[in-house]
Amino acid sequence: VARGAGKVLESLDTLRKGNFLRHPAANIPMYGMISAHLAVLAIEGDPGVPDLSAEKAELLLFLEASLRTMFGPEGYTEEDIGYGTSMACLISFVAEPARRAGLFDAYQECPGYTRFGRALLYFVQPWGRFLSNTGDYAADLGSGNLMFLFPRLAQETRDPTLLWMYGSLQNPVGASGPMDIKAARRALPVLRLAPGYEVPVNAFTLFALDAVRRPVHPSRMKLPTAFRDSQRGIVSLRSDWTREATFVVFDGSQRSPSAQGHAHDSGGHFSLSALREYFAIDTGRSNSEQDQHNVVLVDGK
């Protein structure tokens, strides 16, 4: 336990030296913050543990800074569909227990966190299964371990379409297709609850079993067909919510300084799907230059 307390102090010192508050929406600083925060919650009050109230207060400040900067006002993540989506789910491992402990209520204080699930819904391909890729990685949600945030958001916001998304996204989650999906699925099995609806086989799924029996497809909810997050400058539009719909994602801007890592030169990029086919895609990880995106170039720039 004493070593654990020492690790908390060491992690906090690293976060301070790294000027955490300058880039609180970036994944590597957030990993450190989340690890330290979970350690404090786990060992605080145990015999031999020093008073960690000051450290806990500082970590709560860091948590709030991340939650307020990693989401746009409508819930889209600064680090895009790949890293941003994974980190949005991962930070829930702190945000949810902090709320239960009465320390910080992300649902009340940070509208972007509350709206994250609905924002992500607008980037699901018309036929389900996959997300439209943006940024530096396919949409990896921790191979299903992190996806229990969707049932939590569905419960808190009374949005059953998030339950549909939870079960219809392919596990492991991919953006434009499988890298080696057969091997991954052998290592990370899923439980099929209904045709086209599956959940990860892990302990977190137990939290969601009651909720996932009542999913609702977006086409039954009369949702708008367009989405915009003005902070990130990203738009998605679809002709309707059917499987055959025409679906466009337009990336009209760049990330904020709070999350510059893994950014792409993708201002002006568009992705297009229709008739259950990809017509224009974002090429994803490491393909960060303008000539690897669907953008207008003038004299090569």
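A pocket, on a 1 Å grid over the protein atoms alone, is an open set of points where a 1.4 Å probe fits, with protein on both sides within 12 Å along at least five of seven lines. The model is predicted, and its local features need pLDDT of at least 70, while side-chain atom pairs count only at pLDDT 80 or more. Residues are numbered from 1 along each chain, and side-chain values use heavy atoms, without hydrogens and water.

View 1. The largest pocket holds about 490 Å³ of space, a volume being the space filled by probe spheres set on the grid points. Its lining (residues with an atom within 4 Å of a point) has 21 residues, of which Glu96, Phe148, Arg152, Gln155 and Phe207 are the closest to the centre. Helix α4 gives the largest share of the lining, 6 residues; α4 and α7 (149-157) each supply at least two. By class, the lining has 11 nonpolar, 2 polar and 8 charged residues.

**View 2. The crossing of helices α4 and α6.** The axes (lines fitted to C-alpha atoms over the stretch in contact, with angles from 0 to 180 degrees between N-to-C directions) of α4 (residues 80-100) and α6 (residues 111-121) come within 11 Å and cross at roughly 145°. Residues of α4, including Ile81, Ala88 and Glu96, meet Tyr113, Phe116 and Leu120 of α6; contact means heavy atoms within 4.5 Å.

**View 3. The buried helix α8.** In α8 (residues 161-168), 8 of 8 residues are buried, that is, under 20% relative accessible area with a 1.4 Å probe, protein chains only. Trp164 and Tyr166 are among them. The buried residues of α8 pack against α6, α7 and β2 (197-200).

How values were computed: Helices (H or I, at least four residues) and strands (E, at least two) are DSSP runs, numbered from the N terminus. Ala, Val, Leu, Ile, Met, Phe, Trp, Tyr, Cys and Pro count as nonpolar, Asp, Glu, Lys and Arg as charged, and the others, Gly among them, as polar. Buried means under 20% relative accessible area, exposed over 50%, partly exposed in between (1.4 Å probe, protein chains only).
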